[in-house]
Amino acid sequence: KRAILNLRTSGVSAASAKHERVILPRTLDVVFDVLELLRAMPAGHDLDLLICDFADAFWQFPAAPAERPFLVFRYRHKYYLVLRAAQGSRGGPLLCGRSVALAMRLALSTCPPEASRSSTYVDDPIIAVTGDKNGRKRHIVCIIAALLVMGYSLAFAKAELAHVGTTLTWTSSQLTVDKLGITVAVKAEIVADVKLLAEGMTKVNVVPKKDLRSFVGKATCISSLIRTWRPFVAMLWAPLFCERASAGAPANCVWRSCLDTALKWILAFMAGKANTLQRRYLLSDYLATGTDTEVTVDASPWGLGGVLAEEGRVVEYFSDRISDIDVDILGHARGDAAGQQTWEALAMLVALRLWSSRWAKKRIFLRVRGDSISALSMVLNMSSGGEGSSIIAREMALDVADALYVPNVAVHLPGTANCTADLLSILDQKGGP
C-alpha cells in the first residue's frame, strides 16, 4: 500500500508557502559527466553506471512536531497521525530533493573526483564510476556504505548496474555508454504516449486539465534532453492558469485552440526530423576545442547579409533579397522599417541554417554577432516576441533540436561597427552599393 495525503483538498497546501525550489539535473548533465570521466580515464579502465533509488523517499524524513496536526487522515473510522514527511505534502519534494542531493555529495566524497560522478533527480540517483574491475567495485561499495551509515534506506531490489556497451534507463532517458562516447534516447513509451496524446488533442475542441497536466509532464521529460522543446512545453503550461483559456468551456477543461501552436510544433519535432529524440555524443567531438568560428549577420528592410569567419579569417558570405514569400509569411512589407526586428531574426536563421554543417554535429567554439538584441536573445532562448519573429524562433528551435551542440556566445555589435554584413544586406536597396 502507498499512502498519499490529499492536502490540496484539506486546504493545507493552499495555506503552505514554498520559498525555494530544487534545480533538478537534466539528462545532458549526466552526458557531460560521463564524457568528463571518459576524458580522464586511463587506458585499460572501464566505466560503470549504477542506479539505486532511495526507498520510501519522503518517509525517511521526520515531520516537525508543530506541523504534525496538519498531517492527519481518517481511514476506516480510525484517525492516523503522520510523523514523517508524507507524500502529498507541499514541502515533501523540496525536503527530499535537498536532503538526498546533500547525502549524495557527501557519499561521493569517499571516491576520487576524477573517477566518480552522480546526478540525483529527487530520490533517483545515477552514479558513474571508472577504474579497473576491483576499483569500480570499491567506489560503488564506498558510496553505498556511506549512504547506509547516514541512515538512508536504498531500494536494492530495483538497482541496475550497466557496464560499457549495455543500456540503462534513468528517469525518462535510456543511456548506452562505450569508450567512444554515449548514446541517449528518450524512453520509447514516453515518446509514443506524447505523440498519441498530442494527436488525440488535435481532434477535440476541449481538453480536460487533468489530461493536459499528464501530457505536459511527459513532454517535460523529453525537454530534459531536447532543450529546444522548452518554449513549446511552457506554452502548454499557460492555459492551465489562464482564465481566458477556459472561459465558457466545460468545468476543469481548456479550449484546444489555446494549445494549437504548441501541439503542431511538438508533432513537427516528432515527425519531421531525423534523430530528434536520440543523440550520440562522441568523446572525440567533446574533447575538440574546435575551430574558432564567428557568424556575423545584419538585415535591412530590403535584404539580408552574413559573414562566416574561422580563426579570424573570413571564409564565406551571403547576400539575399527579401522575397515575396518572406513578406507574405512574416507580415511586413519590403522596405518598411517596422519589420526590421523580424528581418534581423530571419538573417540569423538563414546564417545558422546555411552553415549548419560547420557547427551542428561537432563541438566548436561558435560566436554569433549582430546589432539586434532581440535576434541574439532568440538564438539563446529559442523564443521571441512578435508574430513574425516567433515563427522564425520556432524554425530555429527545430534546427537546433537536430544538432548536438548549440552556439556558445552571442555578441552585440553597435550598428556602426557591423560594416560588412550591413553592406551585404543593402545590395538590393534602390540606390545602394
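**Cysteines**

I began with C253, whose sulfur lies 12 Å from the closest cysteine sulfur, that of C258, which is too far for a bond; a disulfide is taken here as a pair of cysteine sulfur atoms within 2.5 Å. The model is predicted, so that local features need pLDDT of at least 70 and side-chain atom pairs count only at pLDDT 80 or more, while totals for chains, interfaces and linings use all residues. Residues are numbered from 1 along each chain as its sequence is written, and side-chain values use heavy atoms, with hydrogens and water left out.

For C96 I found the closest cysteine sulfur in C52, at 14 Å, again too far for a bond. I noted zero disulfides in the structure. C253 counts as buried at 10% relative accessibility, and C96 counts as buried at 0%, where buried means under 20% relative accessible area with a 1.4 Å probe and protein chains only.

**Helix α8**

The expected span is 1.5 Å times one less than the number of residues, and helices are DSSP runs (H or I, at least four residues) numbered from the N terminus. Among the buried residues of α8 I listed P231, F232, V233 and L236.

Note on methods:
Buried means under 20% relative accessible area, exposed over 50%, partly exposed in between (1.4 Å probe, protein chains only). Helices (H or I, at least four residues) and strands (E, at least two) are DSSP runs, numbered from the N terminus.
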